[in-house]
Every structure is written in C-alpha cells, then in structure tokens.
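Here's a quick tour for anyone meeting this structure for the first time. Have a look at the sequence and the 3D view, then follow the points below.

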Amino acid sequence: MAGKAPAIPLLTPYKMGKFNLSHRVVLAPLTRQRCYNYVPQPHVILFYSQRTSKGGLLIAEATGVSDTAQGFEHTPGIWTQEQVEAWKPIVDAVHAKGGIFFCQIWHVGRVSNTGYQPNGQAPISSTDNRMTDHARFTPPRRLRTDEIPQIVNDFRVAARNAMEAGFDGVEIHGAYGYLLDQFLKDQVNDRTDEYGGSLENRCRFPLEVVAAVADEIGPDRVGIRLSPFTDSEECVDSNPKELALYMATALNKYGILYLHMVEPERKNDKEKAEGPVSLVPIRKAFNGTFITARGYKREDGNKAIAENRADLVAYGRWFLSNPDLPKRFKIDAPLNEYNKETYYTPDPVTGYTDYPFLEDNS
C-alpha cells in the first residue's frame, strides 16, 4: 500500500478562536476601487465568492469608517445604512460557500485631499505636515486632543455596522501609512499631547480604537493589521522593531483574535533568506493568532507554517490572479500571472473577476 502523501503545511486545518479554518491560505485585503460612490456593488459579490473555499478566511478590502476616512475613488464604506445593506449579499455569498469573512475598517488620514472630504475640508491626521506629492495631497489638519474620541467612536460604529452586515469580525487597518499608522510612527507623529512623543503615547490612539472595537463586538471577532517595517505613504519609524514588539505585547491586554503583520521588504538574497526571522520575536510576544504577509508564494508559505513563524499566511496579488489559490497550492499547479495595469481600473470585470480557474484551462 502506498504511503500517505506528506501534509502540505498551508493546507492543514487551524482553529482561530471559535473559527475552524480548513487551511492557512488567507485572502489579504485588496483595495480594488470598484465600489462606486463608496457603496459596494453587485459585481463585488462575484469577486469574493470566486475566492471563497469552505473553511477559508477572507479579509475584505479596506472599508471607510466615516465620510472623513476616504482618499481614493470607488473604495467602499460602512458608515451609512445603504452601505451596510449593500454588503449583506456579498457576505451572504461568502457564507454560502462556507467561508469566514472579516471586514477591514480604515481611515486614510492625511493620504487624501479636500476633494474627498466633506465640505472640502482638510484631511485629518496626527500632524499638519503635508505629504510630498502636492498635486495629489492637500495639507492635513492636526486632530485636536478632544476630537480623538470621535474618531475612536467612528471605528466602533463601523465595527457594529460590519456585524449588522453579517461579517464574522473586523480587521482594524493600522498599516501602510494611513491614520493609525500616522500616529504610531515617530517620523510623522510630531504631537506634544498625550498622543505623541513617547512610544506609549504614539500607540495610545490605535489601542483606544482596539479597545472600543473589542468592547463593541467582542475581542474574539477583532484583528489588527500593522506594518511597522514599511515606509508606505511616507510613514516611517526610527525603531520599527521596538514599535512592533510594544504593540504586540500591548494588544494582549485586549485579548483580540489575531495580529496581521506585514513583513519587512526583502531587497536582496541575503535579506530574503533572513527576512522572516525578524517577525519571530513579535509572534512570540503576541498571544493570539499570527498572520504574516508580503510577497509569499507556495514554498515560502509552507516554510513559514512548518517552521512555526506564522499560523496563517495572507496572499494578495496571487489570490487576485488565482481565485482558486488553495486548490492550486494543493496540487502545485502553475499560477496565473497578475496584471498590475488593471489593479485599480473601475471596470467591474477586467482584472477583477476574469482571472481563469484551473478547470477553465483544462
């Protein structure tokens, strides 16, 4: 009798809190700018449904928490009843195929301009320092100390709305240079109140958001995404390792479900060989599920799971171009290449729901 094929680490089951995942391949949140007027559209149903597998975890694209949260065309929101209703059939389609669906809630902060803001007001941020591209970004307005509770509440209400729409949980977007990241990183946050200066102060607002969201919907339904090592949207920290470890440890107090960490960019072969190791202390510091992301392919992902460097691996570009990615990983099938040119076109099909499945090629 032939021996059993060795288990593929990425395709082994995992219990994430109360959610039973059948594999470790996560759909990363992907902004695709197909939600016209900030409202999810019917064609979004197909996109997520295509990428759903029974027991698979999907994280929805970044979804605005308020009318001040926007900085890009056609990104969805979840602050109005119309938006909540529009999300319902999308969530239902994922659940119908046995998927677990989290909504990523975000605020872009200064990565915006007056054209996206209510009444043409200035975008809000931790700072009043403007970003380099003056054609795209207008000067932000530094949030007053007394205004911060309102923004915390916007995240709370967005989380409540996500539950009403049927999502299984929310992921707080604290990464890639958007509002929470603008508070976290010392090269942007130049405040002198209790939300700036020391590491503890810079982390205060993001942790207040975590506390409010966990209190609203339960910590077992809350994750957060962080990218201390990236310099996206001119958002840099002088000591990203210290920031990452502080946040990982501080998050334990709230008992949240997962930490979704974006790895440092690995620029050369030596760094590529050593890169992932830098997240191990962070993984050890955090008590919940640890999700890693950044340019993973099948072999890298299997290695990360096998070496216990992560519990789950999030895939973005490869999951975009391969709606049946877990199936392809199972049989080690070739992958469709992704087309960067069509990432953000508003077309409801092209570069969105037209990537072929394995059976389409047979």
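Strand β6 (residues 100-106) runs parallel to β9 (169-174), and the two pair over 4 bridges. Strands here are DSSP runs of E with at least two residues, helices are runs of H or I with at least four, and both are numbered from the N terminus. Two strands pair if DSSP finds at least two bridges between them. Bear in mind that this is a predicted model, where local features need pLDDT of at least 70 and side-chain atom pairs count only at pLDDT 80 or more, while totals for chains, interfaces and linings use all residues. Residues are numbered from 1 along each chain as its sequence is written, and side-chain values use heavy atoms, with hydrogens and water left out.

**Around β9**

- As for cover, 6 of the 6 residues of β9 are buried; buried means under 20% relative accessible area, exposed means over 50%, and partly exposed is in between (1.4 Å probe, protein chains only).
- G169, E171 and H173 are on one side of β9, V170, I172 and G174 are on the other, and all of these are buried.

**Around β13**

- Strand β3 (residues 25-27) pairs with β13 (residues 312-315) in the parallel sense, over 3 bridges.
- In β13, A314 is the residue that V26 stands opposite.
- Strand β12 (residues 289-293) is also a parallel partner of β13, again with 3 bridges.
- I291 has L312 in β13 as its bridge partner.
- From β12 the chain crosses through α9 to β13, and this β-α-β crossover is right-handed (with the strands pointing away from the viewer, the path from the first strand over the helix to the second runs clockwise).
- L312 and A314 point one way from β13, V313 and Y315 point the other way, and all are buried.

**Salt bridges**

- How many salt bridges does the structure hold? There are 18 salt bridges, each being a side-chain nitrogen of Lys or Arg within 4 Å of a carboxyl oxygen of Asp or Glu.
- Side chains of opposite charge can pair when their charged atoms come close.
- R156 and D215 meet through their side chains in a salt bridge (3.1 Å, N to O). R156 lies in helix α3 (residues 148-164) and D215 in helix α5 (residues 199-217), so this pair ties together parts that are 59 residues apart in sequence.
- Of these two partners, R156 is partly exposed at 21% relative accessibility, and D215 is exposed at 57%.
- R298 pairs with D332, with the closest N and O atoms 3.7 Å apart. R298 is in helix α9 (residues 298-306) and D332 in the loop between α11 (325-331) and α12 (358-361), so the pair ties together parts 34 residues apart in sequence.
- A network of salt bridges links R141, R144, D146 and E147.
- Within it, the side chains of R141 and E147 meet at 2.9 Å, N to O. R141 is partly exposed at 33%, whereas E147 is buried at 16%.

**Cavities**

- Rolling a probe the size of a water molecule over the atoms shows where empty space is left.
- The whole structure has 2 cavities of 30 Å³ or more. A cavity is a set of points on a 1 Å grid over the protein atoms alone where a 1.4 Å probe fits but cannot get out, and lining residues have an atom within 4 Å of a point.
- The second largest cavity has a volume of about 30 Å³, where volume is the space filled by probe spheres set on the points, which are joined across faces, edges and corners.
- Its lining includes G174, L226, L243 and M247.

- Most residues other than glycine have a negative phi.
- Y176 is not a glycine, yet has a positive phi of about 55°. Y176 is found in the loop between β9 and α4.
- R294 is not a glycine either, and has a positive phi of about 140°. R294 lies in the loop between β12 and α9.

Definitions and conventions: On a 1 Å grid over the protein atoms alone, a cavity is a set of points where a 1.4 Å probe fits but cannot get out, and a pocket is an open set with protein on both sides within 12 Å along at least five of seven lines; lining residues have an atom within 4 Å of a point.
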